[in-house]
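Have the model open as you read.

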Amino acid sequence: KEMSESHLYLLDDNEHTFQYVYAALMKVLRHMPTQAEQCCLIAHNVGKAHIKVGDIMEVQKLKKELAEYEIKTEISNTKYV
């Protein structure tokens with residue numbers, strides 16, 4: 001049985017500091033410091049960064065938790081390259 005994967009992306013914004021987004025990624029996604037830093041840098045430089053892959057229920061839950069920090073994300077069922 002093939003399982004559909006959903007991808008969560010961090011979107012770049014000009015509303016929050018790097019440190020704020022970095023701290024939220026570590027708290028909500030349990031990212032390690034280097035991983036959180038890289039995601040922030042990629043989102044800043046490219047416009048969005050892939051931050052999580054999983055089933056749709058898990059990804060939607062994380063999106064909601066990040067929204068509580070007013071951090072913009074998007075969900076896709078296709079991996080962004």
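## Ground rules

Helices here are DSSP runs (H or I) of at least four residues, numbered from the N terminus. Keep in mind that this is a predicted model.

## Aromatic pairs

A pair of aromatic rings is described by the distance of the centres and the angle of the planes. Rings pair if their centres lie within 6.5 Å, and planes under 30 degrees apart count as stacked, over 60 as edge-to-face. By this rule there are two aromatic pairs. Take Phe 18 and Tyr 22: their ring centres sit 6.4 Å apart with the planes at 15°, so this pair is stacked. Both residues belong to helix α1 (residues 18-29), and being four residues apart there, they are separated by about one helical turn. Phe 18 is partly exposed, at 35% relative accessible area. Tyr 22 is partly exposed too, with a relative accessibility of 24%.

Then there's Tyr 20 with Tyr 69, an edge-to-face pair with 6.4 Å between centres and 65° between planes. What does this pair tie together? Tyr 20 is in helix α1, while Tyr 69 is in the loop between α3 (56-67) and β3 (73-76), so the contact links parts that are 49 residues apart in sequence. Tyr 20 comes out as partly exposed at 34% relative accessibility, and Tyr 69 is partly exposed at 23%.

## Helix α3 and its two sides

Helix α3 runs for 12 residues and reaches 16 Å from first C-alpha to last, close to the 16 Å expected at 1.5 Å a residue. Which residues of α3 are buried? They are Val 59, Leu 62 and Leu 66. Looking down the axis of α3, its buried residues fall within an arc of 65°, so they line one face of the helix. An α-helix has 3.6 residues a turn, so residues three or four places apart point the same way.

The cover over the buried residues of α3 includes β1 (6-11), α1, β2 (48-54) and β3. On the other side of α3, you'll find Met 57, Lys 61 and Lys 64 exposed.

## The start of α3

Finally, check the N-terminal end of α3, which Asp 55 caps. One of the side-chain oxygens of Asp 55 lies 3.0 Å from the backbone nitrogen of Met 57.

Conventions. Residues numbered from 1 in each chain as written. Predicted model: local features only at pLDDT ≥ 70, side-chain atom pairs only at ≥ 80, totals over all residues. Heavy atoms only, no water. Phe/Tyr/Trp six-rings, centres within 6.5 Å; stacked < 30°, edge-to-face > 60°. Buried < 20%, exposed > 50% of the residue type's maximum accessible area, 1.4 Å probe, protein only. Expected span 1.5 Å × (residues − 1). Arc of directions from axis to C-beta. Contact = heavy atoms within 4.5 Å. Polar contact = N/O pair within 3.5 Å; in protein donor to acceptor, adjacent residues only side chain to side chain.
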